[in-house]
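Please look through the structure shown below, and then read on for a short account of one of its helices and of some of its aromatic rings.

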Amino acid sequence: MSEYVFELENVVYSYLGRFKALNGISLKVKAGEKIAFIGANGTGKSTLLTMLDALIFPDTGSIKAFGGERLSEGSFRDERFSQSFRKKVGFVFQNPDVQLFCPTVREDIVFGPLQLGASDTQARDRLASLAKILEIEELLDRAPHQLSIGEKRKAAIASVLSMDTDVILLDEPTAGLDPATTRHIVDMVLEAGSKGKTIITATHDLHIVSEISDTVYVFDKAKTIVRSGTPHEILSDEEFLKNNNLAHIHKHKHKDGFHVHPHTHLDHHEA
Amino acid sequence: MYFLARTWIFIPLFSAFAVVPAVFNIVTPGSELFALKIFGFPLAVTREGLILAARFVLRVAASVSFVVLLALSTKHDELLKALRSFGIPQIFVMTLGMAYRYIYMFAEIIGQTHTAIKSRVGSGIGHKKGRKLVAWSMANLWIRSYSMSSQVFSAMISRGYAGEPRTMQEFKTRPADWIFLAVAAMSLLLVLYKNYGN
């Protein structure tokens with residue numbers, strides 16, 4: 001088996017054939033790697049995740065998964081191939097309302113395993129253990145529309161973790177969450193990562209980047225990867241972050257007036 | 001109040017309206033109670049017609065009462081699962097469940113849109129502008145729901161959906177269910193005996 005889970009070569013993609021979303025993306029993702037895609041809004045991070053989940057395909061360029069043939073719409077018409085790919089890759093969508101489409105959280109969590117061939121008993125066992133680990137037992141019988149945004153995100157992540165895939169793609173998993181829930185979500189991701197899974201997260205929440213990734217890819221307005229490196233290399237370059245709309249100047253009031261300084265995202269112990 | 005308004009005011013009113021022609025002699029001939037003229041056309045209300053109309057309205061009210069009681073006393077996901085027991089295809093039950101789930105989200109969007117409009121234009125909207133705003137809200141909701149449906153479909157595909165949904169069979173009959181079934185069957189037999197016995 002190939003050491004790479006994904007190999008992208010000069011991938012270009014446009015919505016409706018007009019609105020360019022990815023412009024020459026090349027990258028390789030090794031099994032077990034933790035990767036973060038960062039960039040301002042509209043730089044193509046979500047589109048790339050959607051492509052890695054084989055929900056859209058490149059206009060030009062190629063994408064290969066697990067050392068196999070080039071992915072295309074045609075390859076997913078083969079149900080066996082499609083099911084084997086879905087068993088390996090899970091995608092947590094940015095909008096949890098998209099992810100939670102069943103009448104109850106319980107049914108949403110078992111939906112993936114059941115479609116992928118798990119028996120009722122297996123699905124029930126996975127549900128029970130996940131609910132306990134993620135502390136969402138009290139949410140199971142509730143309807144998604146009754147949940148808060150934080151609860152929805154936890155349930156959405158659970159609905160993908162229950163599939164026990166090798167690769168987990170997360171699109172803005174902490175957007176709009178309070179600090180405590182953000183912490184819980186990061187812990188969920190780290191827990192999954194500790195089991196050797198490949199985790200790819202798109203985010204512009206730079207506070208979580210150093211925890212959830214070993215390698216960071218930065219996207220710019222040209223819809224391409226402008227730089228990659230370790231979280232420390234990227235986050236310590238404040239000028240670069242500012243130029244890419246990822247850092248800003250903090251201005252806050254002290255008793256004697258306003259205090260202005262750059263907003264740093266490095267760990268306090270490192271800075 | 002919800003129960004009373006739903007079962008004994010709106011729906012019987014609608015059914016009474018629908019059954020109005022049946023009270024007249026041209027639809028239900030019989031012994032005339034009183035005669036009247038509508039646009040010069042002679043009509044008479046018959047005893048049989050009134051009984052027929054009253055029976056129809058009462059039947060509608062009774063049926064709606066049972067349906068509303070069932071919906072109020074049973075979780076919607078259990079109702080949907082019960083449909084499966086009647087042999088309704090899973091794809092149909094699933095579509096119904098998803099429609100029910102997303103109605104709340106779209107109702108929330110409409111509510112928020114309405115509040116946003118009110119906060120900007122206040123309450124002094126004329127009829128013409130009001131109609132435009134309603135049309136715009138409808139179009140906006142349609143576009144959103146269309147976009148949402150394709151995203152939801154992607155989310156389903158992503159989790160292995162291939163056209164044949166599989167769900168967990170969770171229904172188990174408990175002693176309380178058997179007791180309820182026995183009481184219901186006995187009540188039915190009693191009613192049948194009282195009506196058609198002897």
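In which helix do Trp142(B) and Tyr146(B) both lie, and how many residues apart are they? In this predicted model, the two residues belong to helix α5 (residues 127-158) of chain B, where they are four residues apart, about one turn of the helix. Trp142(B) counts as exposed, at 56% relative accessibility, and Tyr146(B) likewise counts as exposed, at 56%.

Over all chains the count comes to 14 aromatic pairs, and two of these pairs are set out here.

| Pair | Distance between centres | Angle between planes | Arrangement |
|---|---|---|---|
| Phe76(A) and Phe81(A) | 5.2 Å | 75° | edge-to-face |
| Trp142(B) and Tyr146(B) | 5.5 Å | 5° | stacked |

Phe76(A) is buried, with a relative accessible area of 14%, whereas Phe81(A) is partly exposed, with a relative accessible area of 30%. Both belong to one aromatic cluster, which is formed by Phe6(A), Phe57(A), Phe66(A), Phe76(A), Phe81(A) and Phe85(A). Over the face of Phe66(A) lies Lys88(A), at 4.7 Å from the ring centre, and in chain B the charged end of Arg101(B) sits over the ring of Tyr102(B), 4.4 Å from its centre.

Helix α6 (residues 149-161) of chain A has 13 residues, which at 1.5 Å a residue should span 18 Å, and this agrees with its end C-alpha atoms being 18 Å apart. The helix is mostly covered, since eleven of its 13 residues are buried, including Lys152(A), Arg153(A) and Ile157(A). Among the elements that the buried residues of α6(A) pack against are β5 (89-92), α5 (120-133) and α7 (179-193) of chain A.

How values were computed:
Residues numbered from 1 in each chain as written. Chains lettered and ligands numbered in written order. Predicted model: local features only at pLDDT ≥ 70, side-chain atom pairs only at ≥ 80, totals over all residues. Heavy atoms only, no water. Expected span 1.5 Å × (residues − 1). Buried < 20%, exposed > 50% of the residue type's maximum accessible area, 1.4 Å probe, protein only. Contact = heavy atoms within 4.5 Å. Phe/Tyr/Trp six-rings, centres within 6.5 Å; stacked < 30°, edge-to-face > 60°. Lys NZ or Arg CZ within 6 Å of the ring centre and 35° of its normal.
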